[in-house]
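Let's take a walk through a protein fold together, one piece at a time. Have the model open beside you as you read.

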Amino acid sequence: MKVLIAGELPSEIADGLEGFGLEVSTRPDVTTDSLPDAMGDTDILVVGDMGVSRRALERAERLLLIVRAGEGLDRVDVGVASKRAVFVSHCPGHDAAAKAEHALGELIRLDRMGPARGLAGRTLGLCGFN
């Protein structure tokens with residue numbers, strides 16, 4: 001089976017799929033607009049935040065599965081995928097660590113913008129962490 005990893009995603013994704021004996025093509029240069037032309041004879045499509053349009057789905061004659069490496073399917077035309085019998089999946093929590101790190105960075109950035117700059121001698125709390 002041929003897998004297309006479209007857009008910039010961690011190399012571990014390709015490594016894991018190749019470990020299953022799949023033929024993986026990594027195309028970080030592909031965008032939502034150029035995806036239809038990149039589909040070719042792809043069986044499995046892996047995307048990050050990239051949109052998967054009706055046009056892309058119509059060009060992918062062999063497509064069986066779309067995996068969204070992240071949360072939500074709002075950028076995938078699930079209706080068209082369903083009509084074409086293409087399974088669509090997502091990976092909630094895939095980038096949870098990156099989101100948590102980004103949130104901490106934003107807290108520190110916002111703190112530096114205020115009148116009392118810096119965290120030294122102050123307390124920072126997290127709610128909802130497990």
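Is arginine 68 buried or exposed? Arginine 68 is buried, because its relative accessible area is 8%, and buried here means under 20% relative accessible area, exposed over 50%, with partly exposed in between (1.4 Å probe, protein chains only).

Before going further, a word on where this comes from. This is a predicted model, where local features need pLDDT of at least 70, side-chain atom pairs count only at pLDDT 80 or more, and totals for chains, interfaces and linings use all residues. Residues are numbered from 1 along each chain as its sequence is written, and side-chain values use heavy atoms, with hydrogens and water left out.

**The overall layout**

The protein chain has five helices and five strands. Helices (H or I, at least four residues) and strands (E, at least two) are DSSP runs, numbered from the N terminus. Reading from the N terminus, the order is β-α-β-α-β-α-β-α-β-α. Of the 130 residues in the protein chain, 32% are buried. The protein chain exposes about 8,300 Å², and carbon and sulfur atoms supply 55% of that; such areas come from the Shrake-Rupley method with a 1.4 Å probe, and for residues only the protein chains shown count as cover.

**Strands side by side**

Now for the strands. Two strands pair if DSSP finds at least two bridges between them.

| Strand pair | Direction | Bridges | Facing residues |
|---|---|---|---|
| E1 and E3 | parallel | four | valine 3 and isoleucine 44 |
| E3 and E4 | parallel | four | isoleucine 44 and leucine 65 |
| E4 and E5 | parallel | four | isoleucine 66 and valine 88 |

How does the chain get from E3 to E4? It crosses through helix H3 (residues 54-59), and this β-α-β crossover is right-handed. Right-handed means that, with the strands pointing away from the viewer, the path from the first strand over the helix to the second runs clockwise. E4, helix H4 (residues 78-83) and E5 also make a right-handed β-α-β unit.

Strand E3 is covered on both faces: Ile44 and Val46 are buried on one side, and Leu45 and Val47 are buried on the other.

**A helix with a buried side**

Look next at helix H1 (residues 11-18), where Ile13, Ala14 and Leu17 are buried. These residues cover an arc of only 95° around the axis, so they sit on the same side of H1. The arc is that of the directions from the helix axis to the C-beta atoms. An α-helix has 3.6 residues a turn, so residues three or four places apart point the same way. What covers the buried residues of H1 includes strand E1 (2-6), strand E2 (23-27) and strand E3 (44-47).

**Back to arginine 68**

Arginine 68 belongs to strand E4 (residues 65-68). Its side chain reaches the backbone oxygen of glycine 48 at 3.0 Å. That is a polar contact: a pair of N or O atoms within 3.5 Å, where within protein one must be able to donate a hydrogen and the other to accept it, and residues adjacent in sequence count only if both atoms are side-chain atoms. Not counting residues up to four places away in sequence, arginine 68 touches Val47, Gly48, Asp49, Leu73, Ser89, His90 and Cys91, where contact means heavy atoms within 4.5 Å.

**Two loop residues**

Threonine 42 lies in the loop between helix H2 (35-38) and E3. Threonine 42 counts as buried because its relative accessibility is 5%. The side chain of threonine 42 reaches the backbone oxygen of methionine 39 at 2.4 Å. Leaving aside neighbours within four places in sequence, threonine 42 is in contact with Lys2, Leu4, Arg62 and Leu63.

Alanine 85 sits in the loop between H4 and E5, and it counts as exposed because its relative accessibility is 57%. Alanine 85 has a positive phi of about 60° although it is not a glycine.
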